[in-house]
Amino acid sequence: MGIFIILMGVQGAGKGTQARLLSEKYGIPQVSTGDLFRAMKTQDTPLAREVQEIMKRGELISDELTNRIVRERLAQDDAQAGAILDGYPRSQGQAQALDAMLRERGQQVKLVALLELDRHLAIMRAEGRRFSLDKERTYNIYFNPPQYRVAGVWLDDKTKEPLIQREDDYRDAVVRRIDVYFETTRPLIDFYQAQGKLVHVNANQSIEAVSEALIQAVEQHR
Ligand code: AP5
Ligand code: MG
C-alpha cells in the first residue's frame, strides 16, 4: 500500500517547502500541479498559452486537464509507492477523480495535512517569495531574505545574480488565488474530515517545526 499524502493550504502556507522535505524523508516524489503547469511554459501550443494566462490571473485550470496531468504523472514508475501531492486536489471534482484513480490501483489517500495560515501572512509569504535563476534556492524578502540588495534589487547569495519572482506572485494574482482557495478548495476539508484523514498543522511556525509536526502526523497514520 503506497503512501499518498495531500498537502492542502492557502497560497504561501508552505506546501512546496514541506513537500520537498517529506519527499526526501520518505523517498517518494513531490507531485506539484503548479510545477507541472509551469513546466508547460516551454511548449508553444494554444493549450499551453491558455494555461499560462489562467495562472497569471490566479484562476484554476479546468478539472479535466488537471486530472489528466496528475493521472499521467502518477502512472510513472517513481510514483508507484506513493507521492506527496502539493496543490492537488483543489476542487470536489479533483478529489473524487483522485479517489477513483487510486482505487483502480488498490490504493488510497493516507493523510490530508491542512497547513493553516491566516490571510495576511499568506499574502506576505507569496508576495515576498523570490527564487535564484536556476530555481534551486527560494528566499522570502520578509522572512528569509538574501544577504545582498543592490540598488533595490535582491541578489542570490550564491551567484549574486538578481532573484526572480513567479509571474503569479504579484498582488492582484495573489489576492485572487487566496480568494479561490477559500471559495473552492477549503470546502474539501469536510470531504476529508468525514473520511477521518484530515490533520490540522499550524503553518505559522518555523519551517523545521512545521516539518516535525507533519512527520509526526504521517507516522501516526502509517
Ligand atoms: P501553485 O504553484 O500550487 O501555487 P499556490 O497554491 O498558489 O501555492 P504557492 O506555491 O504559492 O504556496 P506554497 O504553499 O507552495 O508555499 P511555499 O512553500 O512556496 O499553483 C499555481 C497555479 O497553478 C494556481 O493558481 C492555478 O492556476 C494552477 N494550479 C495548480 N494546481 C492546480 C489544481 N489542482 N487545479 C487547478 N489549477 C491548479 O512558501 C511560500 C513562501 O514562504 C516562500 O518564500 C517560503 O520560503 C516561505 N515559507 C514557507 N514556509 C515558511 C515558514 N514556516 N516560515 C517562514 N517562511 C516560510
Ligand atoms: Mg507551491
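User: Why does the distance between the end C-alpha atoms of helix 4 agree with its 12 residues?

Analyst: Helices here are DSSP runs of H or I with at least four residues, and the expected span is 1.5 Å times one less than the number of residues. For the 12 residues of helix 4 (residues 63-74) that gives 16 Å, and the end C-alpha atoms are 16 Å apart, so the two agree. Please keep in mind that this is a predicted model, where local features need pLDDT of at least 70 and side-chain atom pairs pLDDT 80 or more. Residues are numbered from 1 along each chain, and side-chain values leave out hydrogens and water.

User: Which residues of helix 4 are called buried?

Analyst: Buried means under 20% relative accessible area, taken with a 1.4 Å probe and protein chains only. In helix 4, L65, T66, N67, I69, V70, R73 and L74 are buried. These buried residues pack against several elements, including strand 1 (3-9), helix 3 (46-57) and helix 5 (92-104), with contact meaning heavy atoms within 4.5 Å.

User: Which helix gives the largest share of the shell around ligand 1?

Analyst: Helix 2 does, with 4 residues. In total, 35 residues surround ligand 1, each with a heavy atom within 4 Å of it.

Technical notes. Chains are lettered from A and ligands numbered from 1 in the order in which they are written. Helices (H or I, at least four residues) and strands (E, at least two) are DSSP runs, numbered from the N terminus. Buried means under 20% relative accessible area, exposed over 50%, partly exposed in between (1.4 Å probe, protein chains only).
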